[in-house]
Amino acid sequence: MKLRTITIALLSGMLLSCGGGRPELPELQLSANGEIVWEGWTAATLVAEGDTLDGRIHYRGGLSAGYPKHSLALKLDERYPLCGLPADKDWILNANYIDKTFMRHKLCYDLFRLMDEEVNRAPLCAYATLTVDGHGQGLYVVMQKMDASTLGIDKGDSTSVIFKEPPVMYDERIVPQDPDNYYQQTFPKKRKDDRTAQAEAIVAFLQDSPDEVFRAEVGQWFDLKNIADWQLLLLLSNNADGLRKNFFLYKVGDATPYRVAPWDYDHSFGRDGDNEPNMLRDTVDCNRAVLLRRLWQWPEYRSQVARRWQQLRTEGLFTEATFNRMIADNAAQIEAAVKANELLWPVDNDIYYDANHFDAELDIMREFIGRNIERLDILFNRILENEKS
């Protein structure tokens with residue numbers, strides 16, 4: 001893929017907004033039939049671009065549940081192309097409270113898909129303003145839910161499966177979010193078809209296989225091109241939260257190895273997950289994830305990742321110019337809505353580490369990417385130089 005191709009992709013389809021183009025963002029109007037809850041569903045009606053749609057909603061989030069502005073899960077009764085995204089029933093309305101740019105998730109997802117548009121899956125996103133029961137909630141990021149349809153799962157295959165944040169990258173068992181679903185199987189439903197044995201086979205291979213077996217068979221277990229791209233996304237974004245969680249592990253069917261799809265990337269581009277600035281004070285330690293640690297001990301894999309880095313640099317995707325263009329294109333869509341959002345949800349709330357406004361946050365991202373590309377150029381050039389020696 002040449003830089004010209006990437007530029008066309010940026011302009012023609014990657015940076016989606018409700019209704020397309022750059023006019024004022026349309027409003028999604030939700031009306032709930034009762035109290036919105038965290039567990040279970042509340043019947044609701046959505047008005048979107050003049051269409052009235054029935055469905056259900058609930059609040060969602062882990063740490064973000066403690067923020068003043070809440071994210072929502074939306075399940076429509078019928079498939080609908082919300083905000084110009086591919087038609088679906090299941091949607092995430094992401095409040096994006098902790099990230100004042102509203103971009104960190106979206107930029108990472110867009111980059112990951114562009115790295116390999118045939119294989120790499122990540123949520124398509126769009127922007128919209130939201131009202132709930134007539135009360136303005138500000139700017140939201142409308143996101144695809146990562147499920148069987150968006151991940152391209154072959155539902156008729158007996159090996160196809162999706163795990164959300166499965167604890168397979170740890171060296172030890174952890175305290176699970178759901179004791180009855182340790183590996184967080186989301187497809188097929190665990191109560192109907194328990195795939196725990198598949199996840200435990202992955203763990204046994206990662207933790208117990210001898211080095212010669214691991215190297216001979218790891219490519220049968222995992223799509224190593226997809227894994228290498230995932231590792232590069234982690235390193236480029238510096239998202240340490242994404243190493244052992246914040247990803248989907250899925251298998252399309254028997255003919256494909258396991259792949260990773262990223263999820264939850266506000267811990268990136270100059271900020272940590274608690275909103276503290278991190279301009280490379282701390283960097284992602286891939287050795288904390290057992291798969292990446294074992295792969296990195298293998299010179300052939302290190303060289304594969306280094307060559308992939310250089311390819312993406314040469315093609316023009318991993319450059320400051322492309323990254324800054326992506327920031328500018330997103331900012332053009334949402335700047336006015338961000339300013340209105342800041343009136344509803346002040347940027348000096350005690351939850352934030354500082355009182356930065358939108359423009360200052362964009363400057364952080366721009367400065368960060370320049371520093372980090374330089375750092376990673378040095379790292380990967382050194383690997384390739386060692387390969388030659």
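# Strands and helices, checked against their definitions

Me: What makes strand β6 (residues 125-132) and β7 a pair?
Reply: Eight bridges link strand β6 to β7 in the antiparallel sense. Two strands pair if DSSP finds at least two bridges between them, so eight bridges meet the rule. In one of these bridges, A128 has Y140 of β7 as its partner. β6 and β7 also form a hairpin with two residues between them, and D133 in the turn has a positive phi of about 55°. This is a predicted model, where local features need pLDDT of at least 70 and side-chain atom pairs count only at pLDDT 80 or more, while totals for chains, interfaces and linings use all residues. Residues are numbered from 1 along each chain as its sequence is written, and side-chain values use heavy atoms, with hydrogens and water left out.

Me: Why is strand β7 (residues 135-144) described as largely enclosed?
Reply: Eight of its ten residues are buried, so the rest of the structure largely encloses β7. Buried means under 20% relative accessible area, against over 50% for exposed and partly exposed in between, using a 1.4 Å probe and protein chains only.

Me: How do you know whether L376 is buried or exposed?
Reply: L376 has a relative accessible area of 0%, so it is buried. L376 lies in helix α9 and touches L235, L236 and W309, leaving aside residues up to four places away in sequence. Touching here means heavy atoms within 4.5 Å.

Me: What makes α8 (residues 320-344) roughly antiparallel to helix α9 (residues 358-388)?
Reply: Their axes come within 10 Å and cross at roughly 165°. That angle makes α8 roughly antiparallel to α9, as the term covers angles over 145 degrees; under 35 is roughly parallel, 65 to 115 roughly perpendicular and the rest oblique. The axes are lines fitted to C-alpha atoms, for helices over the stretch in contact, with angles from 0 to 180 degrees between N-to-C directions. Residues making the contact include F323, I327 and I334 of α8 and L362, M365 and I369 of α9. The contact divides into ten nonpolar, two polar and six charged residues. Asp, Glu, Lys and Arg count as charged, Ala, Val, Leu, Ile, Met, Phe, Trp, Tyr, Cys and Pro as nonpolar, and the others, Gly among them, as polar.

Me: What makes β9 and β11 edge strands?
Reply: Four strands form an open antiparallel sheet in the order β9-β8-β10-β11. β9 (185-187) and β11 (259-262) each have a single partner strand, so one side of each lacks a neighbour in the sheet. Neighbouring strands here are turned by 30° against each other on average, direction ignored.
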